[in-house]
Amino acid sequence: MRYLLRRLAFYIVTAWAALTINFALPRLIPGNAVQAALDKFQGQFSPGVEKALALQFGTNTKASLLTQYWHYWSQLFQGNLGVSTSEYPTHVSTIISKALPWTIALVGISSVISFTLGTLLGILIAWRRGGRLDALLPISTFLSAVPYFWLGLILVTVFGVSLHWLPFFQGYGQGVTLGLNWAFIGSAIAHGVLPAITIILSSIAGWMVGMRNMMVTTLSEDYVMVAQAKGLSDRRVMFTYAARNAILPNLAGFALQLGFVVAGSLLTEIIFSYPGIGVTLLNAVTSKDYPLMQGIFLVITLVVLVANFAADLLYVLLDPRTRQEA
Amino acid sequence: MSVDTPTQPSATGDNARPAGPRAASLRRRRTRPARRRRFSRKTYVGFGLLAFFILMAIFGPIAAPYDPSAAVGPSLVGPSSAHLLGTTQNSQDVLSQLLVGARTTLLVGFLAGLIATALSIVFGVTAGYLGGWGDESLSLVANLFLVIPALPLLIVLTSYLPGAGPLTTAVVISATGWAWGARVLRAQTLSIRNRDYIVAAKISGERTWRIVLFEILPNEAAVVASSFLFTVLFAILTQVALDFLGLVNVSGSWTWGTMLYWAQNDQALSVGAWWWFVPPGLAVALVGTGLALANFGLDELIDPRLRSAGLTRRSDAKLVRQGFTVVHRRPDAAATAHAPTGGGFTEVRLRANGNGRSEPVAATIGGAPEADAHLASQAADSAEVDTQAGAGNPTGVRADAVPQRQRDDAASEGRLG
């Protein structure tokens, strides 16, 4: 318990520092691109919004840095991420809350599938080393090296454009109303298949190879031999003894890998015009919508932190040593 | 661990070095003929691929038949003898673009990989070894770079810095890409730090820098190598992504990413110009494959247990996964590795947590006569099978008190073997 509290405190400190960097970024970069972007909208915003933007980015304001910093935090705690400049007067939080569920569903589901499948395959490959499953290794190596978006392009070409098997544009079909009805859910799943396959194919190799290598090391440990000498069943030795220990590094990597998967999914979304965070971020960048960019940053950062903490919880559950050291 | 000679550790408590059979087995292992093949075939494929693309990066711009930016032929034609990989919509030669683009793409990747790996070693190993507040503060720095998702950060950074060159790209990518390696190295160092041979090195008075450089780091070589591989891969993929999104100067310099950007922008997909967008992505994937396969080879060189080459016999594979080193004797060609049970001798490391200190104790199971098994009372009170998962059931395992020297042997064999 003490260990977990310590980790929690640690994540809070990390979150504070990350958000502070988020605050500092537009003020540190030379050239003042923000100023130039905001100048283009001169006169289009209401005076209140203009003042808020000035405080948010430290442009055109005489307020001290401390006042700006205070303003930044008080706005954050009110859940106010500012106003989008490209889709004025929509609030950034509104845009993000519309896009985020798509990304979380897509990335969440495909990551869990990829992790589970990859880890199981890794265990099996290590267990039957020298067997036929070894052929999966070079294939997975190739797949992990393929750029996400390029794989997406190929999948679109083959299964979308040529074969017409699956839809490949946007998150759900035209003429389907957004909401909890079967037509929408079915359409959303059909539209999610190709992007999900892209993410799973690109990320599965990491889990598989990592798990296989840890498994190989663990299988040569003495306690695994003892377990076999005691006459335990293969399954028990494989999962309870070897895999439980070998999975720890993979699990530690899960939350961290999530950051990479999020990045990869951003690109995947762009290929498929998926209505998630990735497309929103690209639009924000191309239209120099700095409030939206900062908001997206913040949200992705917080989600990755929460995922890290979740992985820590699992880690503690699996590894008694962490409970002892605390 | 070799089991080709069943041995029986003396449980009588005398300090004599375990004689005869064990020593002989060690000697035999040393004089065993060298492996015929050091690497598996996929390792050669990996190094071959890497060498091919590195040569391409060096000589590509010289060997390119045309100027990659110039209109040199008909628009959008497939592969022909004049244009081996066809032409783009602007009548540029795809092959020339591929050859010229290799240099910048690989340069950025390897440069970023080198910088990031150096950073991750410094941060990761130091954090893992120091522990305490040093660990906390270094991990905090690593976590900062970790929680700020690299690609969005890079996207925003490049939007702040229009027209960033390849060198800037490499530095920025390495600044965002080192934290993952550092975290993995830290975890590995943490798990190695308390191992018996490190404790032994500390007790024997080795200096900290020596322990870190010569005891810990060599055992992390595989992790460092794989971290380097993945960082280079990450760097190449990230750079290609940034170029593909059109966030860098796309019209001036040719990379595989800018090729994909133009292919996507000029609708290569919908006109079916596969020769335009397939080669650059395939090249990226093949470079990555080469890196990964070469990394497997490095892993196998460092850790023989990972080798699957030569494990053709099913029985061998089975033995290896049970943790045995299979030794085929020369005179009779048949596999003579002994069965693990039935009179065989198996060593188990037990951990006695008497005073909060772990102490390696060897134990025998299976072949030990009942009379020989006596438990040192202190160890017995707190002895647990060190399965590291707490899943082990201590019953059925008998612990013997064994002389110190022999314990060290057992410990080092179990760990390093």
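What follows is a short chat about a predicted model.

Visitor: What ground rules apply here?
Guide: This is a predicted model, where local features need pLDDT of at least 70, side-chain atom pairs count only at pLDDT 80 or more, and totals for chains, interfaces and linings use all residues. Residues are numbered from 1 along each chain as its sequence is written, chains are lettered from A and ligands numbered from 1 in the order written, and side-chain values use heavy atoms, with hydrogens and water left out.

Visitor: What secondary structure does chain A have?
Guide: Chain A has 13 helices and zero strands. Helices (H or I, at least four residues) and strands (E, at least two) are DSSP runs, numbered from the N terminus.

Visitor: And how much of chain A is buried?
Guide: Buried residues are 55% of its 326 residues. Buried means under 20% relative accessible area, exposed over 50%, and partly exposed in between, with a 1.4 Å probe and protein chains only.

Visitor: What share of the contacts in chain A join residues at least 24 apart?
Guide: The share is 73%, among contacts between residues at least 6 apart in sequence. Contact means heavy atoms within 4.5 Å.

Visitor: Switching to H8 of chain A. How far apart are its end C-alpha atoms?
Guide: They are only 47 Å apart. The expected span is 1.5 Å times one less than the number of residues.

Visitor: Where is the kink in H8(A)?
Guide: At Val193(A), about 35°, shortly before the proline Pro195(A). The bend at a residue is the angle between axes fitted to the seven residues ending there and the seven starting there.

Visitor: Ser203(A) is in that helix too. Buried or exposed?
Guide: Ser203(A) is buried, at 3% relative accessible area. Leaving aside neighbours within four places in sequence, Ser203(A) contacts Ser114(A), Tyr148(A) and Val261(A).

Visitor: What is the phi of Ser273(A)?
Guide: Near 50°, a positive value in a residue other than glycine. Ser273(A) lies in the loop between helix H10 (234–272) and helix H11 (277–286) of chain A. Ser273(A) is partly exposed, at 23% relative accessibility.

Visitor: Now chain B. How does the span of H3 compare with what it should be?
Guide: Helix H3 (residues 94–130) of chain B has 37 residues and should span 54 Å at 1.5 Å a residue; its end C-alpha atoms are 52 Å apart, which agrees. H3(B) still bends by about 30° at Gly101(B).

Visitor: What follows H3(B)?
Guide: Gly131(B), with a positive phi near 70°.

Visitor: What does Ala142(B) touch?
Guide: Trp178(B) and Ala179(B), not counting residues up to four places away in sequence. Ala142(B) sits in helix H4 (residues 132–147) of chain B, and is buried at 9% relative accessibility. The C-alpha atoms of Ala142(B) and Ala127(B) are 9.8 Å apart, though the two are 15 residues apart along the chain.

Visitor: How many aromatic pairs are there over all chains?
Guide: There are 15. Rings of Phe, Tyr and Trp (its six-membered ring) pair if their centres lie within 6.5 Å; planes under 30 degrees apart count as stacked, over 60 as edge-to-face, and the rest as tilted. One of them is Phe52(B) with Phe53(B), edge-to-face, 5.2 Å centre to centre with 80° between the planes.

Visitor: Why is the pair Phe53(B) and Trp256(B) edge-to-face?
Guide: Because their planes are at 75°, with ring centres 6.0 Å apart. The pair links distant parts of the chain: Phe53(B) is in helix H2 (residues 41–63) and Trp256(B) in helix H11 (residues 256–265), 203 residues apart. Phe53(B) is buried at 4%, and Trp256(B) at 0%.

Visitor: Which residues have the most contacts inside the largest nonpolar core?
Guide: Among them are Ile96(A), Phe149(A), Phe53(B) and Trp256(B); the core has 113 residues. A nonpolar core is a set of buried Ala, Val, Leu, Ile, Met, Phe, Trp, Tyr and Cys residues joined through side-chain atoms within 4.5 Å. Helix H10 (residues 221–244) of chain B gives the most to this core, with 11 residues.

Visitor: What does the second core include?
Guide: That separate core of 17 residues includes Val216(A), Val237(A), Ala242(A) and Ile247(A).
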